[in-house]
Amino acid sequence: MSALQAITDLLDFRHAFLELFLHPVDTYQAYLPHLNVYELFGGNSFSPEKDIPDLSGKVILVTGGNAGLGLESIRQLVAHGPKCVCLASRTPSKGEEAVTNIKKTFPSANIVYLPLDLASFDSISNAAKAFASQSDRLDILMNNAGVMALPPGTTKDGYEIQLGTNYIGHALLTKLLMPTLLATAKEPGADVRIVNLSSEASVFGSSPDVLFDKSKLDAQPTLTRYGYTKLANILFARELAKRYPSITSVAVHPGVIHSDIWGPLQHTTTFTVRWILAAVTFLVGTSIEVGVWNQLWAATCKRGEIVSGGFYKPVGYLSMGAPLAQDTMLTRRLWEWTEKELEKHGFRS
């Protein structure tokens, strides 16, 4: 569907407005599934079929690969012939089902399911070991998995559930895979990428101290807690770029996406908040098929087109990000804090 057609649909409010008011979380799924506001007002044109290059010989790992943006990313990537794609997800039945479904379209694709629960350091460690036993290279690490708007909770290792899953879990996974990433980067012609899924919700993070104090973070509303995790994803990407210049590390905002990640909002926010978010999504949201474009662009564009350490909005639009996301002292502070936390659990540099 063209952008013009999507705008035409937007103008037909005869039924949509009433439905949006009565059913704020569900209605957006029926309207404007293809409108990408960022494509209309900024960013680059992008077509996965035409713009993703040949990926022969490359090994790719995508977290949260059994659904949503992760699953669609893998679908688009395997169409370009990578050596192997590791589909990492928490639930074996869902992960294996996703592999089976993708292989129906791409029967010759080499897709491997990798069990990974980002809320468990033991699971992350086991996943990294399993990957290392299967491959001696890693060209693209897409830290895609994420949770949003969960009720208060704690990971198995004692961290706020959203921060532990979205940020700390990925930080540990990246740390454990770094030897393989660095070794791959030394290969002739290598172009190693780490793509971290973030969000413009990072603007909700307004106090640095909250990131480092679980009691303060727990006291925040659920969407604010989510915003802090997305801020951490940007800071992490920027510090990775500084410490590992042979690897291109970026954070990306996919846009406002029609996906299952909105589900917990039904139970963790007020009706007013749900209505406002549903209205925003209704007006500017986009489909998963379009929502993956920015992370696919970041993972596969020409090296000269991307700035390591950058935060990108769809598609390929370099953004400064929220004020705290630009704080170079905070990037270092978060890195050092994270290293100390991981050391407490036996993960030393």
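Axes here are lines fitted to C-alpha atoms, for helices over the stretch in contact, with angles from 0 to 180 degrees between N-to-C directions. By that definition, the axes of helix H11 (residues 222–243) and helix H16 (residues 328–344) come within 9 Å and cross at roughly 90°. The model is predicted: local features need pLDDT of at least 70, side-chain atom pairs count only at pLDDT 80 or more, and totals for chains, interfaces and linings use all residues. Residues are numbered from 1 along each chain as its sequence is written, and side-chain values use heavy atoms, with hydrogens and water left out. Helices (H or I, at least four residues) and strands (E, at least two) are DSSP runs, numbered from the N terminus.

**Helices H11 and H16**

- H11 and H16 are therefore roughly perpendicular to each other, a label for angles of 65 to 115 degrees (under 35 is roughly parallel, over 145 roughly antiparallel, the rest oblique).
- Contact (heavy atoms within 4.5 Å) involves, among others, Leu235, Phe236 and Arg238 of H11 and Leu330, Arg332 and Trp335 of H16.
- By class, this contact of H11 with H16 has seven nonpolar, two polar and five charged residues; Ala, Val, Leu, Ile, Met, Phe, Trp, Tyr, Cys and Pro count as nonpolar, Asp, Glu, Lys and Arg as charged, and the others, Gly among them, as polar.

- Strands pair if DSSP finds at least two bridges between them.
- Strand S4 (residues 140–143) and S5 pair in the parallel sense over four bridges, with Asn143 opposite Asn196 in S5.
- S4, helix H8 (residues 161–185) and S5 form a right-handed β-α-β unit (right-handed: with the strands pointing away from the viewer, the path from the first strand over the helix to the second runs clockwise).
- Strand S5 (residues 193–197) pairs with S6 in the parallel sense over five bridges; Val195 stands opposite Val250, and Asn196 has Ala251 as its bridge partner in S6.
- S6 and strand S7 (residues 311–313) are also paired in the parallel sense, over two bridges, and Val252 stands opposite Tyr312.

- Buried means under 20% relative accessible area, exposed over 50%, and partly exposed in between (1.4 Å probe, protein chains only).
- In S5, Arg193, Val195 and Leu197 point one way, Ile194 and Asn196 the other way, and all are buried.
- In strand S6 (residues 248–252), five of five residues are buried: Thr248, Val250 and Val252 point one way, and Ser249 and Ala251 the other.

**Ser125**

- Ser125 lies in helix H7 (residues 121–134) and is buried, with a relative accessible area of 12%.
- Leaving aside neighbours within four places in sequence, Ser125 is in contact with Leu176 and Phe347.
- Ser125 and Leu173 are 48 residues apart in sequence and 7.4 Å apart in space, C-alpha to C-alpha.
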